[in-house]
Amino acid sequence: MNEIQTITKESAFSLANFEHAQRVAKMISISSLVPAQYQGKVENVMIAMEMANRMNISPLMVMQNLHIVKGNPGWSGAFVIAMINGSKRFDDDLEFKFDGDGDDYGCTALAYKKGRLIEGTKVTLKMVKGEN
């Protein structure tokens, strides 16, 4: 286990761990390998480290896949698909159905669990436009 993962095993915000985590976050924030929203921003790196801790994944994976749009965090689609497929909670990998016309054109995620079809919510162009 590497040092970043060891640090994030405990909450980055616990008193015993805060100073050490802050030093690691400062080091990460000066790296050119992390996305712009984390460069020079120790506070953003600390939050990413805490999220990684709670999800039991690498902090760098969080930083590469978490995007802030109009102040709201959102995960990249590829990351979400990989996490669902890697969870082994379904019989096979996700499948996708595309259908509809105009603003009602959209995508529905499909999965099978114990042979039963599970359909996600259809995401349409109308929904996407509504979110700008």
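What follows is a short tour, from the overall layout down to single residues.

## The overall layout

One thing to keep in mind from the start is that this is a predicted model. The protein chain has six helices and six strands. If you read along the sequence, they come in the pattern α-α-α-α-β-β-α-β-β-β-β-α.

How much of the chain is buried? Of the 132 residues in the protein chain, 27% are buried. The accessible surface comes to about 9000 Å², and carbon and sulfur atoms account for 56% of it. As for contacts with a separation of 6 or more, 27% are between residues 24 or more positions apart.

Let's go inside. In soluble globular proteins, nonpolar side chains tend to be buried together. Here, the largest nonpolar core has 16 residues, and the members that touch the most other members are Ile28, Tyr38, Val45, Met49, Val62 and Met63. Which elements give two or more residues to this core? They are α2 (15-29), α3 (42-55) and α4 (59-65). Helix α3 gives the most, with five residues.

Val45 makes a handy example from this core. Leaving out residues up to four places away in sequence, Val45 touches Ala25, Ile28, Ser29, Tyr38 and Met63. Ile28, Tyr38 and Met63 are also listed among the core members that touch the most others.

## Salt bridges

Side chains of opposite charge can pair when their charged atoms come close. The structure holds four salt bridges, and the table shows some of them.

| Salt bridge | Distance, N to O |
|---|---|
| Glu119 and Lys97 | 3.7 Å |
| Lys122 and Asp99 | 2.8 Å |
| Lys129 and Asp103 | 2.7 Å |

Start with Glu119 and Lys97, whose side chains meet in a salt bridge. Glu119 sits in strand β5 (residues 116-119) and Lys97 in strand β3 (residues 95-99), so this pair ties together parts that are 22 residues apart in sequence. Glu119 counts as partly exposed at 46% relative accessibility, and Lys97 is partly exposed too, with a relative accessible area of 32%.

Next come Lys122 and Asp99, paired at 2.8 Å, N to O. This pair links distant parts of the chain: Lys122 is in the loop between β5 and β6 (123-124), Asp99 is in strand β3, and they are 23 residues apart. At 28% relative accessibility, Lys122 counts as partly exposed; Asp99, at 30%, counts as partly exposed as well.

The last pair in the table is Lys129 with Asp103, at 2.7 Å, N to O. Lys129 is in helix α6 (residues 125-130), while Asp103 is in the loop between β3 and β4 (106-113), so the pair ties together parts that are 26 residues apart in sequence. Is Lys129 buried or exposed? It counts as exposed, with 53% relative accessibility, because exposed means over 50%. Asp103 is partly exposed, with a relative accessible area of 36%.

At 13% relative accessibility, Thr124 counts as buried, because the cut-off for that is under 20%. Which residues does Thr124 contact, aside from its neighbours within four places in sequence? They are Asp103, Asp104, Tyr105 and Gly106. Thr124 and Asp99 are 25 residues apart in sequence, and their C-alpha atoms are 9.2 Å apart in space.

Now for helix α5, where you'll find Asn85. Asn85 counts as buried, at 18% relative accessibility. What does the side chain of Asn85 reach? It comes to 2.8 Å from the backbone nitrogen of Leu94. Not counting residues up to four places away in sequence, Asn85 touches Asp93 and Leu94.

Ile81 has its place in helix α5 (residues 77-86) too. Ile81 is partly exposed, with a relative accessible area of 30%. Together with Phe96, Phe98, Tyr105 and Leu125, Ile81 makes a nonpolar surface patch of about 450 Å². Tyr105, one of the patch members, is also among the residues in contact with Thr124.

Technical notes: Residues numbered from 1 in each chain as written. Predicted model: local features only at pLDDT ≥ 70, side-chain atom pairs only at ≥ 80, totals over all residues. Heavy atoms only, no water. Patch = residues over 30% accessible without salt bridge, like charges linked within 9 Å, V, L, I, M, F, W, Y side chains within 5 Å. Areas by Shrake-Rupley, 256 points an atom, 1.4 Å probe, with all protein chains shown as cover. Helix = DSSP H or I, 4+ residues; strand = E, 2+ residues; numbered from the N terminus. Buried < 20%, exposed > 50% of the residue type's maximum accessible area, 1.4 Å probe, protein only. Core = buried A, V, L, I, M, F, W, Y, C linked by side-chain atoms within 4.5 Å. Contact = heavy atoms within 4.5 Å. Polar contact = N/O pair within 3.5 Å; in protein donor to acceptor, adjacent residues only side chain to side chain.
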